[in-house]
Amino acid sequence: LLALKLWNLSGQERFGNMTRVYYKEAVGAFVVFDVTRGSTFEAVSKWKHDLDSKVLLPNGSPIPAVLLANKCDQKKDGSQTPSQMDQFCREGGFVGWFETSAKDNINIDEAARFLVENILANYKTFPNEENDVGKPKLDLDPLKAESKSQCC
């Protein structure tokens, strides 16, 4: 059985001194910014640094973090090109990124699946694992796609 616990820190500075409590025992993370508000992208590196400074995998590596460019269904404010986003993620230590829309359910399942796959790829470094017996498995068959519009 694999259980996911999700915390939303809302990007608010007032929660900055409490992040260690939320990050405790985390094995993966989403960092989300709003494509309609450039200031939220500017804060991405700060949040990633905070995450990396407070929680690590048992082997000392950063936990996998996926960057989400949310509200892709709306007009973008100074958006980055896909190649710029790829480079930003490589340099910033993100395992990947997705354009998403929580409102229209665009790429939400895909991003979650990608994060869980990265978490499971690190499973061998988790404490108390002696072998693969009982190791959780993720069904990697493609999601049954419903008719979804795609972002530009």
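What is the accessible surface of the protein, and what share of it belongs to carbon and sulfur atoms? In this predicted model, the accessible surface comes to about 10,200 Å², and 52% of that area belongs to carbon and sulfur atoms.

Begin with the whole protein, coloured by secondary structure. Five helices and three strands make up its secondary structure, and from the N terminus on they follow the order α-β-α-α-β-α-β-α. Of the 152 residues, 31% count as buried. Among contacts with a separation of 6 or more, 70% join residues 24 or more positions apart.

Next, select residues 108–121, which form helix H5. This helix has 14 residues and reaches 20 Å from its first C-alpha to its last, close to the 20 Å expected at 1.5 Å a residue. Within H5, display the side chains of Ala-111, Leu-115, Val-116, Asn-118, Ile-119 and Leu-120, which are buried.

Now move to the loop between strand S3 (96–99) and helix H5, and select Ser-101. Is this residue buried or exposed? Ser-101 has a relative accessible area of 1% and is therefore buried, the cut-off being under 20%.

Keep Ser-101 in view and select Asp-104, whose backbone nitrogen lies 3.0 Å from a polar atom of the Ser-101 side chain. Finally, show the residues that Ser-101 contacts beyond its neighbours within four places in sequence: Asn-70, Lys-71, Cys-72, Asp-73, Ile-106 and Ile-108.

Technical notes: Residues numbered from 1 in each chain as written. Predicted model: local features only at pLDDT ≥ 70, side-chain atom pairs only at ≥ 80, totals over all residues. Heavy atoms only, no water. Helix = DSSP H or I, 4+ residues; strand = E, 2+ residues; numbered from the N terminus. Buried < 20%, exposed > 50% of the residue type's maximum accessible area, 1.4 Å probe, protein only. Polar contact = N/O pair within 3.5 Å; in protein donor to acceptor, adjacent residues only side chain to side chain. Contact = heavy atoms within 4.5 Å. Expected span 1.5 Å × (residues − 1). Areas by Shrake-Rupley, 256 points an atom, 1.4 Å probe, with all protein chains shown as cover.
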